[in-house]
Amino acid sequence: GQTFINVDTDCEFLRPIRWGDHLSMYEEIMDISPEKNTRLGRGHFVTTCMNLLDTRDRLVARITNVLYRYETVAS
């Protein structure tokens, strides 16, 4: 079956987030690698970017995440 494993996460804060702030977010797929074969199985590295916005739609933070999505290898 399909399995996901988190490979890397990076947070960049562009301004302080304060108690009581109301944030919204949208997430974009930034990259999908060519198919790879690893010890875990055959799959793709998927890079996403989550953008957090304040109530004025100003970018507050950016979270980049890399997942490895793969098919498990039957033993």
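**Strand residues, salt bridges and cysteines in the predicted model**

Valine 7 is found in strand S1, which covers residues 2–13 (helices, H or I with at least four residues, and strands, E with at least two, are DSSP runs numbered from the N terminus). The structure is a predicted model, where local features need pLDDT of at least 70 and side-chain atom pairs count only at pLDDT 80 or more, while totals for chains, interfaces and linings use all residues. Residues are numbered from 1 along each chain as its sequence is written, and side-chain values use heavy atoms, with hydrogens and water left out.

At 47% relative accessibility, valine 7 comes out as partly exposed (buried means under 20% relative accessible area, exposed over 50%, and partly exposed in between, with a 1.4 Å probe and protein chains only). Together with Ile5 and Leu40, Val7 makes a nonpolar surface patch of about 230 Å². Patches here are built from residues with over 30% relative accessible area and no salt bridge, joining like charges within 9 Å and nonpolar side chains (Val, Leu, Ile, Met, Phe, Trp, Tyr) within 5 Å. The areas themselves come from the Shrake-Rupley method with a 1.4 Å probe, and for residues only the protein chains shown count as cover.

Turning to strand S5 (residues 59–72), asparagine 65 sits there and is buried at 16% relative accessible area. Its side chain makes a polar contact of 3.0 Å with that of asparagine 6 and another, of 2.6 Å, with that of threonine 9. A polar contact is a pair of N or O atoms within 3.5 Å; within protein, one must be able to donate a hydrogen and the other to accept it, and residues adjacent in sequence count only if both atoms are side-chain atoms. Leaving aside residues up to four places away in sequence, asparagine 65 touches Asn6, Asp8, Thr9, Val46, Thr47 and Thr48 (contact means heavy atoms within 4.5 Å).

Threonine 47 belongs to strand S4, residues 41–53, and is buried too, at 18% relative accessibility. With residues up to four places away again not counted, threonine 47 touches Glu28, Ile29, Met30 and Asp31, as well as Thr64, Asn65 and Val66. Glycine 20 is another story: 27 residues from threonine 47 along the chain, its C-alpha atom is 30 Å from that of threonine 47.

The structure holds 5 salt bridges, each a side-chain nitrogen of Lys or Arg within 4 Å of a carboxyl oxygen of Asp or Glu. One of them pairs arginine 62 with glutamate 12 at 2.8 Å, N to O. That pair links distant parts of the chain, 50 residues apart, with arginine 62 in strand S5 and glutamate 12 in strand S1. Arginine 62 is partly exposed at 27%, as is glutamate 12 at 36%.

Arginine 15 and aspartate 54 meet in a salt bridge of 3.4 Å, N to O. Here, too, distant parts of the chain are linked: arginine 15 lies in the loop between S1 and strand S2 (24–32), and aspartate 54, 39 residues apart from it, in the loop between S4 and S5. Arginine 15 is partly exposed at 22%, whereas aspartate 54 is buried at 5%. A further bridge joins arginine 42 and glutamate 35 at 3.7 Å, N to O. Salt bridges that share partners join Arg15, Asp21, Asp54 and Arg58 into one network.

As for disulfides (pairs of cysteine sulfur atoms within 2.5 Å), a search of the whole structure finds 0. Cysteine 11 is in none, its nearest cysteine sulfur being that of cysteine 49, 10 Å away, which is too far for a bond. Cysteine 11 is partly exposed at 42%, and cysteine 49 is buried at 6%.
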